[in-house]
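This report describes the arrangement of sheets, helices and contact surfaces in the structure shown below.

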Amino acid sequence: MSHRHGTIRFRVNGESRAIDVAPMKRLLDVLREDLHLTGTKEGCGEGECGSCSVRMNGELVNSCLVPVLQAEGADIQTVEGLCEGGALHPLQQAFLDCGGAQCGICTPGMLMAATQLLSINPHPGMAEIREGLAGNLCRCTGFKRIFDSVIAAAANDQPSTPQAAHAR
Amino acid sequence: MRGNPGAHELIAPGSLAAVLELLASAPGEWTPIAGGTELMVAHAAGRLAPAKLVSLWGIPELRFINSTGESIAIGAGTTFRDLRAHTGIAAHLPLVAKASSWIGSIANQGRATVGGNLVNGSPAADSSPALLVYDAEIELVSVRGSRRIPYADFHTGYKSNAMTADELLFAAHIPLRFAVHRQYLRKVGTRRAMAISKVALAATALFEAGVVKEIRLAAASLAAFPARLYRTEAALLGRPIDAETIDSAREAMSAEAKPIDDIRSTAEYRRRVGCNLLEEFLRELLAEGSDR
């Protein structure tokens, strides 16, 4: 492969993808432009705002700071991968119920950061929620409704349900 | 102005040996990139200068935390999330754990590496003050072999360091002998997450029989690079902690600090708050002694 172009292979939302692309292209742009997964948003483009958050091999990352070559062989989850069988993910439903989204630019990143948090800590306290979402900025709805949404999703996640077991 | 990905080569040799061979084959031509939390920001802004980059991400030989009992070695590719999750770091190097917890956000901590933080050499680098007051050593590797230097001698100027063009930062070695010292680290920034330091101060000290037996002080954003405050330390060594000592230590630090005005703060604010942090630490020492 040329060092300025080559085939990169990874999995996105469980599906294997291979794309011919410049290795320095940002994962964010590959998701949006090459794979047409436009749920992931660009805010600041410099890792400050969290709008472009996705999960890579189970870690939260700012996709604007990942050169796509470093995603080679990785398992990527974007906001499009949250819903199952056409049903909203409990976090998405909670954001809807609690008014946790307004203009929607930060929402996909908030959902991915919250997913990451709940994957590690299914019943976080407020301090843990604040820390888990500290890298994600919202400039319209305010943070309280977003935090409430995460609390609501965690409260609905009863430890005895199969869904809770899956989340762990 | 957005960077053009086609303007940069990026390769991932996948092993330490292959990266070192590459660096040796064309010294200065290839720029290592680890988690990208610094260089990709420059890339997005269209100001990433290096045309050729070599990826260190995912090289297993660089990502480790090993304890010998006398010291802990942290591989350059270790992320701040790795450090936060490590019980040995939390137990034995609390200042490193603390600094790791306030670097960027969760998403940055999972990508940013210790080696990247040190080689980037920002005057505000979050991990540096802690490593300085723990007397860390830096291990550099190349095809020629490896060498260790005190971390206090690593930075040689603004964003310049003691590495040669064919070398890679391999690990930081941190002695565990500071467990008995009183330890301090505080960062002052605009907010808790995502903020670059206006000023930060780290300290380790032994306070025995009413006098300062040993003391190490290091600051971020008080000079062109993270550095020990040797003259301020000298003003404290062997002295009791009283109003007079605190005043003279503040004076020494005021004179030794060389902060600048920039978008995050002013030189005057940095100098004064730096002195306030020192006084806070000294008053803690006085109140609690060396017992931790």
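Predicted model: local features only at pLDDT ≥ 70, side-chain atom pairs only at ≥ 80, totals over all residues.

Arg55(A) is found opposite Leu60(A), a residue of β4(A).

**Contact between the chains**

Chain A contributes 27 residues to the contact and chain B contributes 26 residues. On the side of chain A that touches chain B, the elements giving two or more residues are β4 (59-62) and α3 (107-120) of chain A. The largest share of that side comes from β4(A), with four residues. By class, the side of chain A that touches chain B holds 12 nonpolar, 10 polar and five charged residues.

**The sheet of chain B**

Chain B also has an open sheet of five strands, with the order β4-β5-β10-β6-β7 (chain B) and antiparallel pairing. Its edges are formed by β4 (65-67) and β7 (145-150) of chain B; each has a single partner strand, so one side of each lacks a neighbour in the sheet. On average, neighbouring strands of this sheet are turned by 20° against each other, direction ignored.

Strand β6 (residues 137-142) of chain B is joined to β7(B) by six bridges in the antiparallel sense. Ile138(B) stands opposite Ile149(B) of β7(B). Helix α1 (residues 16-25) of chain B lies across β6 and β10 (168-175) of chain B, and runs at about 75° to β6(B).

| Strand pair | Sense | Bridges |
|---|---|---|
| β6(B) and β7(B) | antiparallel | six bridges |

**Domains of chain B**

Chain B is divided into domain 1 (5-55), domain 2 (61-177) and domain 3 (181-288). The centres of domain 2 and domain 3 of chain B, taken over C-alpha atoms, are separated by 21 Å. In the contact between these domains, 22 residues of domain 2 of chain B meet 25 residues of domain 3 of chain B. On the domain 2 side, the elements that give two or more residues are α5 (94-101), α8 (128-133) and β8 (155-157) of chain B. Of these, α8(B) gives the most, with five residues. The residues of this side comprise 14 nonpolar, six polar and two charged.

**Helix α11 of chain B**

Helix α11 (residues 267-288) of chain B has 22 residues and spans 32 Å from its first C-alpha to its last, close to the 32 Å expected at 1.5 Å a residue. Which elements do the buried residues of α11(B) pack against? They pack against β11 (182-188), β12 (199-208), β13 (211-220) and α10 (243-256) of chain B. Among the buried residues of α11(B) are Arg270(B), Arg271(B), Val273(B), Gly274(B), Cys275(B) and Phe281(B). The buried residues of this helix also include Leu277(B), Leu278(B), Leu282(B) and Leu285(B).

Definitions and conventions. Residues numbered from 1 in each chain as written. Chains lettered and ligands numbered in written order. Domains from an automatic or database assignment. Contact = placed C-beta atoms within 7 Å. Nonpolar A, V, L, I, M, F, W, Y, C, P; charged D, E, K, R; others polar. Expected span 1.5 Å × (residues − 1). Buried ≥ 20, exposed ≤ 12 C-beta atoms within 10 Å, placed from the backbone. Pairing = 2+ DSSP bridges. Axes fitted to C-alpha atoms, helices over the stretch in contact; angles between N-to-C directions.
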